Amino acid sequence: MWVFLRSYTNFSRKTIRLPRWLGITSKDIQTPKSKCGLSKICPNNFFAFKISSGAANVVGPSMCFEDEIIMSPVRNNVGRGLNIALVNGSTGQVMKKDSFDMYSGDPQLLMNFLTEIPDGTLVLVASYDDPGTKMNDKIKMLFSSLGSSYAKQLGFRDSWVFVGANDLKSRSPYEQFLKNNPETNKYDGWPELLELEGCVPRKVM
């Protein structure tokens with residue numbers, strides 16, 4: 001547990017800062033930094049993550065895992081459709097990452113990718129522009145098996161961010177979904193971007 005020593009002692013009308021009195025300088029007392037800019041520090045045996053979906057068809061999505069930006073427009077490794085990163089659930093090592101064009105691409109590429117996910121793998125997903133046009137029932141079923149509650153609803157230009165795993169026995173708590181709706185869209189033709197952050201438990205072997 002991190003503790004800050006901020007006690008003060010009054011002595012002969014002087015205030016003595018306790019850390020200095022103990023020979024501790026301000027440089028020795030450091031505020032712990034959360035990974036990926038989270039609002040809290042993840043406990044032991046948890047991984048920190050932050051995912052943002054794309055903003056319309058202008059700004060691409062981004063993914064941070066354990067303080068490493070693994071996918072982003074700056075890294076030039078995101079694309080229209082679904083952006084997916086696979087992470088070893090025990091070590092936190094990024095195993096694979098790719099983007100799949102769900103508007104004019106081949107959905108078989110995504111199906112092959114999803115069916116070849118090794119055991120004990122975390123799956124991070126972020127949408128960009130249009131994630132749903134080529135979304136068929138097989139792909140929806142595969143995402144549902146990873147713990148998604150919204151994959152079956154995913155359609156044209158919807159916003160979606162998700163963290164799942166291939167051995168979940170229940171629905172993942174790490175998911176956000178926003179339907180493309182002309183009456184509520186923040187952007188012209190697209191809903192607003194979504195952000196998802198948290199601490200996902202490490203898979204202890």
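In what order do the five strands of the open sheet lie, and is their pairing parallel or antiparallel? The order is 7-6-8-9-10, and the pairing is antiparallel; two strands are taken to pair if DSSP finds at least two bridges between them. Helices (H or I, at least four residues) and strands (E, at least two) are DSSP runs, numbered from the N terminus. The model is predicted: local features need pLDDT of at least 70, side-chain atom pairs count only at pLDDT 80 or more, and totals for chains, interfaces and linings use all residues. Residues are numbered from 1 along each chain as its sequence is written, and side-chain values use heavy atoms, with hydrogens and water left out.

Strand 7 (94-100) and strand 10 (175-178) form the edges of the sheet, each pairing on one side only. From one strand to the next, the twist averages 15 degrees; axes are lines fitted to C-alpha atoms, for helices over the stretch in contact, and angles run from 0 to 180 degrees between N-to-C directions. Strand 8 (residues 121-128) and strand 9 (residues 159-165) run antiparallel and are joined by five bridges. Leu 122 has Ala 165 of strand 9 as its bridge partner.

Helix 3 (residues 137-145) packs on the sheet, where it touches strand 6 (81-88), strand 8 and strand 9, contact meaning heavy atoms within 4.5 Å. The direction of helix 3 makes about 55 degrees with that of strand 9. Ile 139, Lys 140, Leu 142, Phe 143 and Ser 144 of this helix are buried (under 20% relative accessible area, with exposed over 50% and partly exposed in between; 1.4 Å probe, protein chains only). Their cover includes helix 2 (107-115) as well as strands 6, 8 and 9. After helix 3 comes Gly 147, with a positive phi near 110 degrees.

Beyond four places in sequence, Leu 110 touches Leu 82, Ile 84, Phe 100, Met 102, Ile 139 and Phe 143.

Ala 151 lies in the loop between helix 3 and strand 9 and counts as buried because its relative accessibility is 0%. Outside four places in sequence, Ala 151 touches Lys 140, Phe 143, Ser 144, Trp 160 and Glu 175.
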